[in-house]
Amino acid sequence: MVRVAVGVKRVIDYAVKIRVKPDGSGVVKDSVKHSMNPFCEIAVEEAVRLKEKKIAKEIVAFTIGPKQSAETLRTALAMGCDRGVHVNVDQAQLDALTPLQISKMAAKIAETEAADLLLMGKLAIDGDYGQTAAMTAAILDWPQATNLYSLQHNGDSATVEREIDGGLETNEIKTPAVLSVDLRINQPRYATLPNIMKAKKKKVKAVKPADLGVDVAPTLNVIKVAEPPVRAAGEIVEDVDTLISKLKDAGRI
Amino acid sequence: MKRVILQKSNFLKQGVRAAGSKPIPDRSDSFVFGLFNGEINPKNIFPYPSVFNQEQVDELNELFSASFDAFDGTNEALENDLRGDLDPEMVQMLRDFGLFGMQVPEELGGLGMSNVQMARMSEIGGELDLGVSIYIGAHQSIGFKAILILGTQEMKEKYLPLVASGEKIAAFCLTEPSTGSDASSVQTRAVKQEDGSYLMNGGKIWITGGGIADIFTVFAQVPVQQEDGTIKDKMTAFIVERDFGGVTHGAPEKKMGIKCSNTAEVYFDDVRIPAENMIGEVGEGFKVAMEVLNSGRYGMGATLNGTQKGLIKKATEFAANRTQFRDKIYKFGAIQEKLARMHAEQYASEAVSYLVANAMDHKTENYHLEAACGKIFASERAWHCCDETIQVMGGMGYMFEQGVEKVMRDLRIFRIFEGTNDILRLMVGLQGLQYTGQQLAPIAKAAKSPIANAPTLIKFKMDQRAKEKGSKTAVNDLKQYVDPALHPEAQKVGEAITRFEVASKKILQKFNKDIINQQFHVKRIAEAAIELFASSAVLSRATAAQKHPTANKEEEILLAKTYIFDSLKKIHGALDQLTEQDESHWKNMAELTEKMVNADSPVLGAHPTELIHK
Ligand SMILES: Cc1cc2nc3c(=O)[nH]c(=O)nc-3n(C[C@H](O)[C@H](O)[C@H](O)COP(=O)(O)OP(=O)(O)OC[C@H]3O[C@@H](n4cnc5c(N)ncnc54)[C@H](O)[C@@H]3O)c2cc1C
């Protein structure tokens, strides 16, 4: 039986209409509904199914984020993960982290937790980088399979299907490995109330980036965040002649 | 003034007791009772109770949003409405989430929630599907509530795990063909057998879950031999299992709304019930029924807060996007008036609901008038909110696919069941008046020997005159609890409380015992009491928000001002109707009704086409 590590991230809920801060420094996050990144939910579900199939003996969920991320971790525990690791960084630090720094921390956790399999979402819907799983595999020097459509674990290897342009690609991959999941691999279950309550009793280890040997000093400087330009309102004109003259005035014809 | 004016009345037996009365307290720290004496009883209202620390707030929000998302993602409200049933997948979700037994202790398989926590969770169904609210609400708020709050330990251990998991559904069986508001008149009988068990026979109607339940709380008459040898029926509560045999039910009733919730007749034919399945003692059935109904009423208010919020979101979104006459319709005064009022009323309704839930969590003895006010208030404000939402949305609001006309159909029942609003109003008015009547009793006694008791009487008269003139008011009492931004409102509400007290005492002095036959008056008194409570709740809530770090402070002041302005009009409007002229108006209406009922046809006017002048 294998030990699975699964990464989860707290992001602004997918249904929320994103607003940019007036000073252009980022998006509004205070008092905005947050939830687990949908692709992370799918990764957790896949891990829990491995446990239900008696392939996994233990699932360790980890998150890197502010204290509110504890709730996201609890959701993962309520869905069926056994333990948690919470890497504490504050919101400002998290916002400045690059996928490389995240990958270094993820790799370190996979090592310390002696994981045979690291499951992640293919991307987080806030940054949309889609780089973390691949970089983590590189740092660990493990095989990787990304954007999975299906996963079948065979003990010391896994058979996976990946969605590619025009169809599915089937691969065989040796474990330990890093796997990232796509949308259609499963339909994640809900964390139910009794399970959320029980999850409070599950163990969560708190660590700091320094404990993982990772420097979180910002390496990325965000210059400006802006709303997509709003389309200017149209105008109704009397007739074709006016239309032509207006277009000429505007320098369009 | 006699203390017992109401107890002997026939009306009480028929109506007011039926709605859930308890004995009238001598002195109460209830806010609503206090109003009738012109007093501000701050205990359960000022400052607005804060029950949680930040961690607990976060936790409740977490449970709320996890359940909201799962409910929203699983439930098909319109399909439920068309099919008249719940999808098995939805039932399973409700079970998985523990939503069939929110208040059952954790060790018996429930979520162990307080009233406030349950109220918050109830908002979900209120917003997403009122049919589901009733499906799970009737089960736990009344169905097995008697076991939860009054059952023996054995009963709890035997039944609560089964019902908390939703494996078995519970139903509350009070109503019969000849027993509606007059709850003590049940005809179903349970006769004691030689072996100590009871044999039950009778039939119940309109029982929520009647066709799907396995556990029933049933109210029946137990004949008991008196000392003088005569037999007297004593209303008694029993827990009946379908498995006892002899329990059957009718077809699901076709009805206006909450269609996924089963409503059916339930029959009991020679059902043998072991003695240990009695709740309380023989003769305590009425008390059991009232405790259950009183304790469940706040849940309706909380549920309907969710409904109001859902409607407000729909109406606001529509008004913000719909263009007519080249402008977004929310720019028009007629629409602004609707949206703002809908929100202000929701704000008030929510303020009231959580005061009641809080008072219950604090084991307050007399919360039943507040609970009744909350039920009346929420069901009527939600109805108004839905009506206005449909109006804002125009033809779109009338269309099935929008889901708002379903809300309107679903909502209508909330003014009828668990005590009709009319009956609850009479209860609020009459119990409040009786309470103040008790305070007047010493004065009435003094009046019998005016000379000896002159000082008491003179003081009373002076007090009353001062209050009538407005020099001694509840204003100062109220203002001390209210944010300065709302002092003008607190001033007016305080003055209205004093006017209300004077008006209450006046009509009590005028009608004395006969007040029980003066429903026109009592209804106005109740109306004013409900609004005074709501306005005070709003003052308290908005004041607390001013001290909260992230609340929308200015907006809450606006909401409060908007609500109280309207509310004061209603209060004074109601109190204005207690004059001599109004009395002759009531008499006219009584006479007209008499004639309608006794004429060949109740429609009395000659048809306009038949009005020949020549
Ligand atoms: C969908 C649905 C579900 C229900 N579920 C349940 C359930 O689970 N369990 C259960 O036991 N019952 C249930 N009921 C019954 C419900 O509680 C009753 O309908 C309600 O109590 C009112 O009784 P009634 O319909 O007999 O009206 P009535 O008591 O006949 O009243 C008719 C009208 O007269 C008024 N009235 C009556 N008496 C007086 C008075 N003294 N003074 C002034 N006005 C008066 C009432 O306010 C009302 O307007 C349900 C009903 C419905 C429609």
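Which residue of chain A forms a salt bridge with Glu59(B)? In this predicted model, the partner is Lys200(A), and the closest N and O atoms of the pair sit 3.5 Å apart. That pairing belongs to the interface of chain B and chain A, across which three salt bridges turn up. As for polar contacts, four residue pairs are counted between chain B and chain A, with both residues at pLDDT 80 or more.

Stepping back to the contact as a whole, chain B puts in 17 residues and chain A puts in 11. Together the two chains bury about 1,300 Å², and carbon and sulfur atoms account for 64% of that area. On the chain B side, the residues that lose the most area to chain A are Glu62(B), Leu63(B) and Phe97(B), which together make up 41% of what that side buries.

The structure has five cavities of 30 Å³ or more, and the largest cavity holds about 80 Å³ of space. Its lining is made of 13 residues, with Phe31(B), Asn44(B), Ala359(B), Glu370(B) and Phe533(B) lying nearest the centre. Helix H11 of chain B (residues 333–361) gives the most to this lining, namely three residues. By class, the lining of the largest cavity splits into seven nonpolar, four polar and two charged residues.

Definitions and conventions:
Residues numbered from 1 in each chain as written. Chains lettered and ligands numbered in written order. Predicted model: local features only at pLDDT ≥ 70, side-chain atom pairs only at ≥ 80, totals over all residues. Heavy atoms only, no water. Contact = heavy atoms within 4.5 Å. Buried area = accessible area lost by both parts, 1.4 Å probe. Salt bridge = Lys/Arg side-chain N within 4 Å of Asp/Glu carboxyl O. Polar contact = N/O pair within 3.5 Å; in protein donor to acceptor, adjacent residues only side chain to side chain. 1 Å grid on protein atoms, 1.4 Å probe; cavity = no way out; pocket = protein on both sides within 12 Å on 5 of 7 lines; lining within 4 Å. Points joined across faces, edges and corners; volume = space filled by probe spheres on them. Helix = DSSP H or I, 4+ residues; strand = E, 2+ residues; numbered from the N terminus. Nonpolar A, V, L, I, M, F, W, Y, C, P; charged D, E, K, R; others polar.
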